[in-house]
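Please keep the structure in view while reading.

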Amino acid sequence: MVCLRDPLVQKVCELYEKISKLENLSPSEDVDTLFTQLVITCIPPYPMDVNKLCTQIQDMRTNLIRLCGNAEGLLEKHYSTILGSYEKPLDHLQLFPYYSNYLKLGRLEFDLLSKHCPAPPSRLAFVGSGPLPLTSIVLASNHLTSTAFDNYDIDESANTLASKLVESHPDLSKRMTFYTNNIMNVSGEALKDYDVVFLAALVGMGIEEKMSVVEYLEKHMAPGAILMLRSAHGARAFLYPVVEPRHLRGFEVLSLFHPTDDVINSVVVARKCPKPSAEKGLIVCNKCGDQLFNFRNHKNLMEEYAFEEHLC
């Protein structure tokens with residue numbers, strides 16, 4: 001098989017074999033070393049379409065993404081516990097080894113959001129906030145300083161850790177709320193209150209799971225509300241799931257940005273369409289009223305670009 005001869009694929013497979021044999025994915029010297037090697041391998045720009053990989057490598061990639069997700073969750077719990085032991089946890093966020101990446105990603109996502117949402121959102125939902133909700137904290141502290149943040153996670157222990165980080169902060173403790181709930185159990189009435197919904201990269205690690213969440217949000221979000229998602233491009237797709245425009249039926253895709261620095265995730269900005277077409281798979285742009293995408297014929301249009309692409 002051609003993909004098995006690709007040197008990058010070979011290296012990822014070697015690391016996967018070692019990672020999959022680890023007895024515990026909690027932070028340790030061995031775990032940290034292997035995942036650091038994996039990130040270093042996958043982060044440089046690499047011309048690869050993961051959809052064209054053979055079945056064997058696709059299966060490996062699916063398993064690897066789940067291992068990465070589990071390890072990331074354990075890493076966040078570890079550092080959230082440490083931070084929560086301080087009187088003022090938010091004064092010590094730099095202890096988290098990837099904090100600078102979150103600062104960069106927060107700035108990137110705020111800039112993209114601002115282009116399509118000129119007024120700061122009054123209420124925002126973050127789905128899959130986890131035990132260390134750095135995206136919400138960075139955005140609420142540095143960029144969206146009057147926005148109310150509702151953070152959703154299915155893990156009660158994660159929410160307990162997360163809420164402890166902000167409870168002593170005079171401002172964020174009032175603007176950040178944590179709910180233990182599957183977003184697909186949140187009522188449509190509640191979802192219509194949000195101007196913006198963020199979907200964490202690891203909510204729905206399989207594409208069918210993620211599409212189920214997106215379909216639920218499309219059904220219940222307010223027309224015109226913004227959906228922001230994280231994706232991956234090139235070899236970084238071995239680390240995180242890929243969200244393609246064709247997966248976002250019922251949404252107008254506004255921007256897709258593929259970073260080329262140490263920020264790993266791509267960012268997708270979409271708007272809930274107020275004028276869905278009766279023809280399945282067809283999205284109508286609410287800016288110009290024209291047909292924006294026919295997903296049956298243009299599945300990979302956006303992926304051809306490694307920079308932000310404005311569609312209207």
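The model is predicted. Where two of its helices meet, α4 and α5, the crossing is right-handed, and the residues that make this contact are Y99, Y102, L103, G106, R107, E109 and F110 on the α4 side, with L134, T135, V138, L139, N142 and H143 on the α5 side. The protein as a whole has 9 helices and 9 strands, and buried residues account for 52% of its 312 residues.

**Packing of α4 and α5**

- Helix α4, which spans residues 99-116, packs against helix α5, residues 134-143, at an angle of about 60 degrees, and their axes are 9 Å apart.
- Angles of 65 to 115 degrees would count as roughly perpendicular and those under 35 degrees as roughly parallel; α4 and α5 are therefore oblique to each other.
- By residue class, the contact of α4 with α5 divides into 7 nonpolar, 4 polar and 2 charged residues.

**The sheet**

- Seven strands form an open sheet with mixed pairing, in the order β3-β2-β1-β4-β5-β7-β6.
- The edge strands, each of which pairs on one side only, are β3 (176-180) and β6 (251-257).
- From one strand to the next, the twist averages 20 degrees.

**Strand β7 and its partners**

- Strand β7, residues 266-272, runs antiparallel to β6 and is joined to it by 6 bridges, with L256 standing opposite V268 of β7.
- The pairing of β5 with β7 is likewise antiparallel and made through 6 bridges, and here M228 stands opposite V269 of β7.
- Strand β7 is mostly covered, with 7 of its 7 residues buried, and this holds for both faces: S266, V268, A270 and K272 are buried on one side, and V267, V269 and R271 on the other.

- Besides its contact with α5, helix α4 lies across β4 (196-199), β5 (226-231), β6 and β7, and its direction is at about 30 degrees to β7.
- Helix α9, residues 207-220, also packs on the sheet, where it touches β4, β5, β6 and β7, and its direction makes about 175 degrees with that of β4.

**Contacts along the sequence**

- Of the contacts in the protein between residues at least 6 apart in sequence, 74% join residues at least 24 apart.

Definitions and conventions
Residues numbered from 1 in each chain as written. Predicted model: local features only at pLDDT ≥ 70, side-chain atom pairs only at ≥ 80, totals over all residues. Heavy atoms only, no water. Axes fitted to C-alpha atoms, helices over the stretch in contact; angles between N-to-C directions. Helix = DSSP H or I, 4+ residues; strand = E, 2+ residues; numbered from the N terminus. Parallel < 35°, antiparallel > 145°, perpendicular 65-115°, else oblique. Left-handed = near helix turned anticlockwise from the far one by under 90°. Contact = heavy atoms within 4.5 Å. Nonpolar A, V, L, I, M, F, W, Y, C, P; charged D, E, K, R; others polar. Pairing = 2+ DSSP bridges. Buried < 20%, exposed > 50% of the residue type's maximum accessible area, 1.4 Å probe, protein only.
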